[in-house]
Amino acid sequence: MNEIRRGIVSGSIKPGDKLTEVKLSAMLNVSRPTIREALTQLAQEGLLVQEPYRGLRVATLHAAEILDIARTRMALDMLAVASILEDTSGRRMKFVEASWEEYDRVAFHPDPVVLHESHIAFHRSIWAASENALLLRLWPVTEAHLTIALAQDQATRADPVRAHEVHEQLVRTMRTGDMDAIEAAFTVHTIDSAKEFIALLNNEEQTA
C-alpha cells in the first residue's frame, strides 16, 4: 500500500491510471494475493476507484470534488483546533509543534515523497492532537483524498516556499489561540488554495 502511495505521490503512477495485479506484482516483486489485498484496502479508502468491467484506476478529483473536500476538511480542522485549544496544559499543542518542527526541517527537501509525507503527517497531527476518536477514524479516507489532491497539485504547481509560509502561518495563529485568526489562516490554506488550484486546472483544460 505504501509503495503504491509513493508511486502516486512521485508521479510514476498518475491519477486516472489503471492498476493491474499482474503489473504491480512484477513492479513491486510481491505476490498477486498481496497486491489484491492492498488494492482492495486502497479502494476502500478512496485512493482507487473500481470501474465495472474495467478494473481499478487511481482516483481523479474534479473541481467540484476538490472544493467539497476543502470545505469539509476546513470544518473538521476547526473542530480539531477547538479541542486542542481547550487543553489548558498545552500538551496537545506541543504535539502539533513537534510535528511542525519535523515539517519545517524537510520543507525544501528535493524528494517529493519526503515533502508529501511530512505534509500529511503535520495535518494528521492536528487531528491526532485533538484526541477526537471519530476524527482519527475518518483520517484514512481523508488522507487518501489528500494524497490524490496533492499529487494533482504537485503536477500542476510545485511551490514549496508558498507551502511552507502557509503552514507556518497556521502554527503561528494556533499559538495565539485567536479562533478568528486561526479560521482566517485555515481558509487561506484550505479554501483559497483549492480555488486557486481549480482555476489552474480550468486554465489547463482551456489551453489543451
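Which residue takes a positive phi just after α8, and of about how many degrees?

Analyst: The residue is Gly177, which directly follows α8 and has a positive phi of about 75 degrees. This is a predicted model, in which local features need pLDDT of at least 70 and side-chain atom pairs count only at pLDDT 80 or more, while totals for chains, interfaces and linings use all residues. Residues are numbered from 1 along each chain as its sequence is written, and side-chain values use heavy atoms, with hydrogens and water left out.

Helices (DSSP runs of H or I, at least four residues) and strands (runs of E, at least two) are numbered from the N terminus. Helix α8 covers residues 160-176, and its 17 residues should span 24 Å at 1.5 Å a residue, which agrees with the 25 Å between its end C-alpha atoms. The expected span is 1.5 Å times one less than the number of residues. Buried residues (under 20% relative accessible area, 1.4 Å probe, protein chains only) of α8 are His164, Val166, His167, Leu170, Val171, Thr173 and Met174.

Apart from neighbours within four places in sequence, Ile126 is in contact with Ala80, Val81, Ile84, Val96 and Phe186, where contact means heavy atoms within 4.5 Å.

How values were computed. Buried < 20%, exposed > 50% of the residue type's maximum accessible area, 1.4 Å probe, protein only.
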